[in-house]
Amino acid sequence: MGRVSELMDELTVCGHLAAARVRSEMQYRLSFALQIVGTFGFYTIYFLSIFILFGHFETMGGWRVGEIAFLFGLAGLSFGIAHMVAGGFASFSDLIVRGEFDRVLLRPVGAILQVIATGVQLRNLGDVLQGMVVLGVALRLVAIDWTLGRLLYFPVVVLSIALLFVSLFALQATLCFWTTEATEVANAFTYGGRDLARYPIHIFDGWLRRLFLFVIPVGLVVYAPSLYLLDKTDPLDLPTWTRFVAPVAGLAFALLAGAAWRLGVRHYRSTGT
Amino acid sequence: MRLYLEVARLSFRRHLAYRAATIAGLFTNSVFGVLIAAVFTALYRDRAGDVAGFSLPEALTFVWASQSLITFAALWGWWEIATAIKTGDVVADLMKPFSFQGYWLSRDLGRAACHFLLRMLPTFLVGGLFYDLALPRSPLTWLAVAPSLVLAVVVSFGWRFVLNLSAFWLLDHRGISSIAVLVVNFFSGFLVPLAFFPPELRAVTNLLPFRAIVMLPIEILLGQRAVAPALGIQLFWAVALALLAQAVLASAVRKVVIQGG
């Protein structure tokens, strides 16, 4: 019982922190509105670009425009959720550089919860909305056979992708315990992973594909389940069961990221500023 | 003039200092280059032949050239002036006996020269090493690319300068910044070459300055466009945006005076 009420206390504190964060985000009203429009538009132009390309090409690696749109929507929606939750990890280097992480460690609330709560980015609601719109368009272009299995698996896939990307952002943040200079390298995996998730993974060459299938399992949470949802054949001939391991892959990667984070916190020495 | 050269030189040296960021940036640009190259390769594999005037090697050249341009032409924004406005430091710069616009242009050209060496060339070399690119055989074409790149930076600077000045009115630049990135990404031809655009949309891009930042230099490199008219369009936008910037600056300065600094 003690542990439960302790957790409730932690969550209440984090709720207050998150609310304060959202209020500060909305301080400049016009700017905030423009940012939502901006994030929405950002993904819209990427999607528009694909449509422009498909004005000249019939298929990409055997996938039609509606199927690519499905990947765009699925990846966009899920990444948007992750980006909204994990904004604190994405900008974690600022926290370290300014020495504010010391304050986080001093509070009697878990560090991960605090970083998440103080970094919530409501403006990334734009991505989430955009992902939904693109999914809507995709579903008009491809007819999915919504069996019960597919209907139940779809939300699981969305959450698995979101979990994977939150974990990737957490790993990026963990890197900051050692260096704050090279975080741009991590962008290749977070934002690069997002971009890669929008295409059928078999179009990528050997090392890139293997990296994003087996090391950072973006392919296992987006591509493989989409083969099942869209009922596509797989030129890679991955075993059929790989289409159903999205939640396992997401959870395993999250556990890995959590372990790395704890290692990082133990390694952390304040800059003293 | 010597003052501005000195400003550019100092800015060049300042940007030379970020070594780790340079290597990290090269890595990131390259990963995205590989990724987008794979997308174009997959598209061309399914449909042989030229598309919208682009062969596959030309499309791949576009991919690596556009990745190379990101930092060089500061496509995704640059908010040093806006930050100086927010903190109030801008007042000191405005009082100094030099052209405020000329001072920042010199700084930006120094920055771009540094990024040309540290970011643009290496990124493009990575593409050239690993991909079959359509590179010009005539040295004259390479020679034409040089002024086109300089003009691309000047046009990009004019646009960024105006955006930065908006901080005098809006204070917070993040909103404007997120809109600006997507406008540039799309209308400059960074995401998809403008030749692929449907005619109506193409007509819109012809009326905007952004193709002078990305598409025109690349079209010159690929030999898809006569050099002189292309440079003419870039020059036109460089001058037009400089004049616009001057007008916006003048009205911003009046505002500062009214506020009493």
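Hi everyone. Buried area is the accessible area, taken with a 1.4 Å probe, that two parts lose on being put together, summed over both. Here we have a predicted model, in which local features need pLDDT of at least 70 and side-chain atom pairs count only at pLDDT 80 or more, while totals for chains, interfaces and linings use all residues. Side-chain values use heavy atoms, with hydrogens and water left out, residues are numbered from 1 along each chain as its sequence is written, and chains are lettered from A and ligands numbered from 1 in the order in which they are written.

So, the interface. Chain B and chain A bury about 3,400 Å² between them, and carbon and sulfur atoms give 76% of that. On the chain B side, B:L35, B:L43 and B:L182 lose the most area to chain A, together 16% of what that side buries. The contact (heavy atoms within 4.5 Å) involves 40 residues from chain B and 38 residues from chain A.

What about polar links? We find 6 residue pairs in polar contact, both at pLDDT 80 or more; that term means a pair of N or O atoms within 3.5 Å, where within protein one must be able to donate a hydrogen and the other to accept it, and residues adjacent in sequence count only if both atoms are side-chain atoms.
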